[in-house]
Amino acid sequence: MFSLIYGLWKYWFSKTEFHVLILGIDKSGKTTLLEKLKSLYSNLEGLPPDRIVPTVGLNIGRLEAAQSKLVFWDLGGQIGLRTIWEKYYEEAHAIIYVIDAASLSSFESSKSALEKVLRHEDLRGAPLLILANKQDLPGAVSAEELARYLDLKELDERLYMFEAISAYDGMGIKNSIEWLVEVMERSKRTETLRIRAGAAGHV
Ligand SMILES: Nc1nc2c(ncn2[C@@H]2O[C@H](COP(=O)(O)OP(=O)(O)OP(=O)(O)O)[C@@H](O)[C@H]2O)c(=O)[nH]1
Ligand SMILES: [Mg+2]
């Protein structure tokens, strides 16, 4: 009986497409991460870091990971582009927030940009994965140190995790994505988005 229910549950989620928004201030490594995800989870090579330019529009990556269909939206993080982020909030199942863990001088602006994201009504209940990127660099702080530094107050009701990664060598990325898929599958937000899509006639 259990395996039947589990099978149906898995079947349902194999059809669900999860939208994951990759946010963070400029130069934190969002696009480098997206390209690394392509190399890790598809047959695509993914652009090498030296061919990646600052993002002005939107980069999209469609991938299958942890038996789920994922659509990543990578937006530009320059200050004048951050107003565009909120146009994507309503449709997002989860947020990945990337921070350059080796750039202590940018932590303050990363923190305030993240606090603003978390205050937004349209992202209510969206699971949050905070990535302490650039662990390959000397001086990068750990995930625990970053969590202590950010000292976020808005996290109470939200499923979240801090993880140390390197978008260069791939460290920590698979773990992070597995966690994200798992929480998206059981989050109330996914349920809410599904009901809304059903009501609009496209499940
Ligand atoms: N050492 C190291 N450098 C990284 C890593 N990830 C990204 N970088 C570098 O950081 C810089 C910015 O990377 P991007 O991926 O363009 O950053 P972004 O967050 O997409 O920036 P915007 O598009 O402007 O918002 C580039 O020089 C990357 O090569 C990493 O894991 N390790
Ligand atoms: Mg970019």
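**Reading the ligand shell and the sheet**

Colleague: How do the residues of the shell around ligand 1 divide?

Modeller: They divide into six nonpolar, eleven polar and five charged. Ala, Val, Leu, Ile, Met, Phe, Trp, Tyr, Cys and Pro count as nonpolar, Asp, Glu, Lys and Arg as charged, and the others, Gly among them, as polar. This is a predicted model: local features need pLDDT of at least 70, side-chain atom pairs count only at pLDDT 80 or more, and totals for chains, interfaces and linings use all residues. Residues are numbered from 1 along each chain as its sequence is written, while chains are lettered from A and ligands numbered from 1 in the order in which they are written.

Colleague: Which residues come nearest to ligand 1?

Modeller: A residue is near if its C-beta atom, placed from the backbone, lies within 6 Å. Of the 22 around ligand 1, Gly29, Thr31, Thr32, Thr55 and Gly77 come nearest. Helix α2 (residues 30-41) gives the most to this shell, three residues. Helices (H or I, at least four residues) and strands (E, at least two) are DSSP runs, numbered from the N terminus.

Colleague: What order do the strands of the open sheet have?

Modeller: Two strands pair if DSSP finds at least two bridges between them. Here six strands run β2-β3-β1-β4-β5-β6, with mixed pairing. β2 and β6 (160-164) stand at the edges with a single partner strand each, so one side of each has no neighbour in the sheet.

Colleague: In which sense do β2 and β3 pair?

Modeller: Antiparallel, over eight bridges. Leu58 stands opposite Leu75 in β3. By contrast, β1 (residues 17-23) and β3 (residues 68-75) run parallel, joined by six bridges.
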